Amino acid sequence: MIIDCHGHYTTAPRQLDEYRKHQIGCLCDEHAQPQKGDLNVSDDNIRESLENAQLRIQRERGTDRTIFSPRAVGMGHHIGNETTSRFWSEHCNELIHRVCELYPENFVGVCQLPQSPGVEPKNCIAELTRCVEEFGFVGCNLNPDPSGGHWSDPPLFDKWWYPLFEKMAELDVPAMIHVSGSCNPHFHATGAHYINGDTTAFMQFLTSKLFKDFPTLKFVIPHGGGAAPYHWGRYRGIAQDMGLPPLKELLLNNVYFDTCVYHQAGIDLLTKVIPADNILFASEMVGAVRGIDPETGHYFDDTRRYIDQVSWLSAQDKAKIFSGNARKVYSRMKG
């Protein structure tokens with residue numbers, strides 16, 4: 001089996017975007033009373049949105065299951081307020097749940113959290129619990145910067161985050177570190193802000209005692225771990241200079257990396273630097289990079305092809321990357 005740990009519902013029916021536009025429009029009306037409202041999305045709408053997109057690509061590329069969550073750039077935690085984010089997250093998560101009910105063999109759910117700048121993460125616990133206990137979701141996406149590029153909330157090792165982490169540990173669900181859209185013109189969302197978020201979270205884990213306080217907490221850092229694998233020697237040296245344990249002991253019981261790296265040389269580096277036990281297969285299709293690489297003639301995000309071509313990985317290592325590690329990290333996943 002091949003499990004893609006990083007998929008977003010980027011092809012959701014148009015009604016979802018229409019709801020969001022209306023919701024944002026109401027923010028300008030000081031007399032408007034926030035209402036959750038309805039999406040009016042049918043099962044056929046959902047099927048049409050997937051059959052010629054994610055499902056077709058699964059069949060063509062020989063992957064079996066996608067760990068599926070709402071569109072990352074669409075989380076938009078910096079937009080509106082706590083109520084805005086709560087209603088929006090509930091709708092997005094309920095839509096993912098419907099996808100997983102319609103296609104239980106193909107998709108398993110991961111939730112968007114109703115984060116909002118300046119609002120304590122403990123306010124996300126109710127939605128996380130609902131999605132895990134009622135919908136059968138196996139994890140969440142955690143935005144380390146709900147401000148959209150201004151980094152105004154405390155870092156991940158701050159006690160500000162601890163109530164949410166306690167609930168994650170209790171439920172035995174991991175979080176994928178994933179920022180959303182950028183409202184800071186310095187940071188292109190997918191080209192800079194995503195990678196910044198990945199790298200920043202890694203460094204916050206390295207310099208904190210988070211995993212002493214939460215020894216079973218698990219995080220997936222997507223997009224190949226941001227800059228971390230490329231600068232592994234720098235991070236090893238920083239840890240050494242700080243008198244910290246080696247990175248394998250310090251982080252690798254809790255932190256994992258996915259394979260959303262869109263060229264062979266990048267995957268080669270990732271698999272040489274990071275142990276196979278800490279790599280999860282992922283493609284993020286249909287995601288940030290959708291075109292064909294003119295140098296290879298294949299889609300950039302056809303990441304299975306890159307793993308298949310890594311000669312130094314044993315069959316056992318590839319089995320871990322393709323499915324074994326996902327089952328370990330997302331331990332609530334069934335089937």
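Visitor: Is Ala 228 buried or exposed, and what is its relative accessible area?

Guide: This is a predicted model. Buried means under 20% relative accessible area. Ala 228 falls under that cut-off, so it counts as buried, with a relative accessible area of 0%.

Visitor: Where is Ala 228 placed?

Guide: Strand E7 covers residues 219-221. Helix H9 covers residues 232-241. Ala 228 sits in the loop between E7 and H9.

Visitor: Which residues is Ala 228 in contact with, leaving aside its neighbours within four places in sequence?

Guide: Contact here means heavy atoms within 4.5 Å. With neighbours within four places in sequence left aside, the contacts of Ala 228 are Phe 202, Tyr 235 and Phe 257.

Visitor: How many Å apart in space are Ala 228 and Met 203, C-alpha to C-alpha?

Guide: In sequence, Ala 228 and Met 203 are 25 residues apart. In space, C-alpha to C-alpha, the separation is 8.4 Å.

Visitor: What is phi of His 223, and is His 223 buried or exposed?

Guide: His 223 also lies in the loop between E7 and H9. Its phi is positive, in a residue other than glycine, near 55°. The relative accessible area of His 223 is 10%, so His 223 is buried.

Visitor: Which class does Asp 158 count in, by relative accessibility?

Guide: Asp 158 is in the loop between E5 and H6. Asp 158 and Gln 204 are 46 residues apart in sequence, but 9.7 Å apart in space, C-alpha to C-alpha. Relative accessibility of Asp 158 is 30%, so it counts as partly exposed.

Visitor: How do H5 and H6 pack, roughly parallel or roughly antiparallel?

Guide: Two packed helices are described by the angle between their axes and the distance between the axes. For H5 (residues 125-133) and H6 (residues 162-171), the angle is about 15° and the axes are 10 Å apart. Angles under 35 degrees count as roughly parallel. That is why H5 and H6 are roughly parallel.

Visitor: Which residues of H5 and H6 make the contact, and how do they divide by class?

Guide: H5 brings Ile 125, Leu 128, Thr 129, Val 132 and Glu 133. H6 brings Pro 163, Leu 164, Lys 167, Met 168 and Leu 171. By class, that contact has seven nonpolar, one polar and two charged residues.

Visitor: What do the buried residues of H6 pack against?

Guide: The buried residues of H6 are Tyr 162, Leu 164, Phe 165, Lys 167, Met 168 and Leu 171. After H6 comes Asp 172, with a positive phi near 60°. The buried residues of H6 pack against H5, E5, E6, H8 and E7.

Visitor: How do H1 and H4 run, roughly parallel or roughly antiparallel?

Guide: H1 (residues 14-26) and H4 (residues 82-102) have axes 11 Å apart, at an angle of about 175°. H1 contributes Leu 16, Tyr 19, Arg 20 and Gln 23 to the contact; H4 contributes Thr 84, Phe 87, Trp 88, His 91, Cys 92 and Leu 95. Six of the contact residues are nonpolar, three polar and one charged. By the angle, H1 and H4 are therefore roughly antiparallel.

Visitor: Which residues does a cis peptide bond join?

Guide: Val 286 is in the loop between E9 and H12. Omega of the cis bond is about -5°. That bond joins Met 285 and Val 286.

Visitor: What is the radius of gyration of the protein chain?

Guide: The chain has 13 helices and nine strands. Buried residues make up 54% of its 335 residues. The globule rule gives 20 Å for 335 residues, and the chain comes close to that, so it is as compact as a globular protein of that length; its radius of gyration is 19 Å.

Notes. Residues numbered from 1 in each chain as written. Predicted model: local features only at pLDDT ≥ 70, side-chain atom pairs only at ≥ 80, totals over all residues. Heavy atoms only, no water. Axes fitted to C-alpha atoms, helices over the stretch in contact; angles between N-to-C directions. Helix = DSSP H or I, 4+ residues; strand = E, 2+ residues; numbered from the N terminus. Parallel < 35°, antiparallel > 145°, perpendicular 65-115°, else oblique. Nonpolar A, V, L, I, M, F, W, Y, C, P; charged D, E, K, R; others polar. Rg over C-alpha atoms; globule rule 2.2 N^0.38 Å. Buried < 20%, exposed > 50% of the residue type's maximum accessible area, 1.4 Å probe, protein only.
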